[in-house]
Each structure stands twice: as C-alpha cells, then as structure tokens.
Amino acid sequence: MTAPIDAEVEDATARLYLAIGRLARLLRRTGSPGLGPGAVSALATLARCGPMRLGDLANKEGVAPPTLSRIVAALVEAGYVKREPDPQDGRAWLATPTPEGETMVSGVRSARVRELQRRIEQLTPQHVAALVNALDALETLVGEEPK
C-alpha cells in the first residue's frame, strides 16, 4: 500500500529539485553584476554571520576549502571582504565583509527579493498560500529554524 505514496513522494522530490534549481538560476541572473553565485553566497553568509575563519565559511557554504579560498581572494581583490588576523589564533585569518561588501549584498538581496516578489504576485491566491504554508518545511530542509 505504500508504493503509490513512495512513487508520489519520489515524483514530488524530483519536481521540487528541478523547480528550486530553475528558480535559483533565474534569481542569480538578477542583481549580481560581476560576482558569481558562489561569491555572492559567501559574501551574504559573512554579512549575516559576521567574521569567520575560511574553514568555517567553507563548511557553512558546503564547498571545499580551496574553492572557498579562491572565492574569498576574489572578494578581497574586489574590495568586498577583508582578511584580518584571528584574535584567538594568530596563525588563522578571519574573513570580514567591508562596508562595500555589505552594500553589495544588500543590493543583490533587494534586487533578487524584488524579482521573487514580482513573480509571487503573479500567482493565484491559492498558490501564494501554498508557498507560505510550505516555508516551515523548506526552512527545516535547509537546516534553518522555522520562523
């Protein structure tokens, strides 16, 4: 008796994966001149969480430390992040967003949020309600506390 439910969940999982991927790609094209998605994500994490060691940031971003090191180096070169010695361990460094980095994240976030809101406003009231009702589950999926 569980086979139809399993097939339904399997189908829904594939559809959700594709929809999230398409939505993420669509929103990435909005508001991030010159920065790739990995750089925008790392910068947004630093702006939200504050100064972090590169290893901790790599872990939070789910990327390999060498990849994140290249991303942070590009952000430093662009003036969006600065590297500072870790006061708790002089051998380690902390990545910290600069005021320009904070402004960049705010602008990207605003442009992307506006685009997402514009698209949500085109949905039926039933679809909007379904999205709102799904937020707790989606936040749980990505390891965030539902609000």
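## How the helices pack

Helices α2 and α4 sit roughly perpendicular to each other (angles under 35 degrees count as roughly parallel, over 145 as roughly antiparallel, 65 to 115 as roughly perpendicular and the rest as oblique). Helices (H or I, at least four residues) and strands (E, at least two) are DSSP runs, numbered from the N terminus.

Keep in mind that this is a predicted model, where local features need pLDDT of at least 70, side-chain atom pairs count only at pLDDT 80 or more, and totals for chains, interfaces and linings use all residues. Residues are numbered from 1 along each chain as its sequence is written, and side-chain values use heavy atoms, leaving out hydrogens and water.

Now for the two packed pairs. Axes are lines fitted to C-alpha atoms, for helices over the stretch in contact, and angles run from 0 to 180 degrees between N-to-C directions.

| Pair | Angle | Axis distance |
|---|---|---|
| α2 and α4 | about 80 degrees | 10 Å |
| α3 and α4 | roughly 105 degrees | within 9 Å |

The second pair, α3 and α4, is roughly perpendicular too. Who touches whom? Contact means heavy atoms within 4.5 Å. From α3 come L54, L57, A58 and E61, while α4 brings P65, L68, S69 and V72. That contact has six nonpolar, one polar and one charged residues. (Ala, Val, Leu, Ile, Met, Phe, Trp, Tyr, Cys and Pro count as nonpolar, Asp, Glu, Lys and Arg as charged, and the others, Gly among them, as polar.) Back at α2 with α4, G38, A39, A42 and L43 of α2 meet L68, I71 and L75 of α4.

Next, the inside. A nonpolar core is a set of buried Ala, Val, Leu, Ile, Met, Phe, Trp, Tyr and Cys residues joined through side-chain atoms within 4.5 Å. The largest one has 20 residues, and L35, L43, L57, L75 and V81 touch the most other members. Helices α2 (37–49), α3 (54–61), α4 (65–78) and α5 (99–121) each give at least two residues, with the largest share, six residues, coming from α2.

Take a closer look at L46, in helix α2. Is L46 buried or exposed? With 1% relative accessibility, L46 is buried (under 20% relative accessible area, with exposed over 50% and partly exposed in between, using a 1.4 Å probe and protein chains only). Not counting residues up to four places away in sequence, L46 touches M52, L57, V81, A95 and P97.

Finally, confidence: pLDDT is the predictor's confidence in each residue, from 0 to 100. The chain's mean is 88, and 92% of its residues reach 70 or more.
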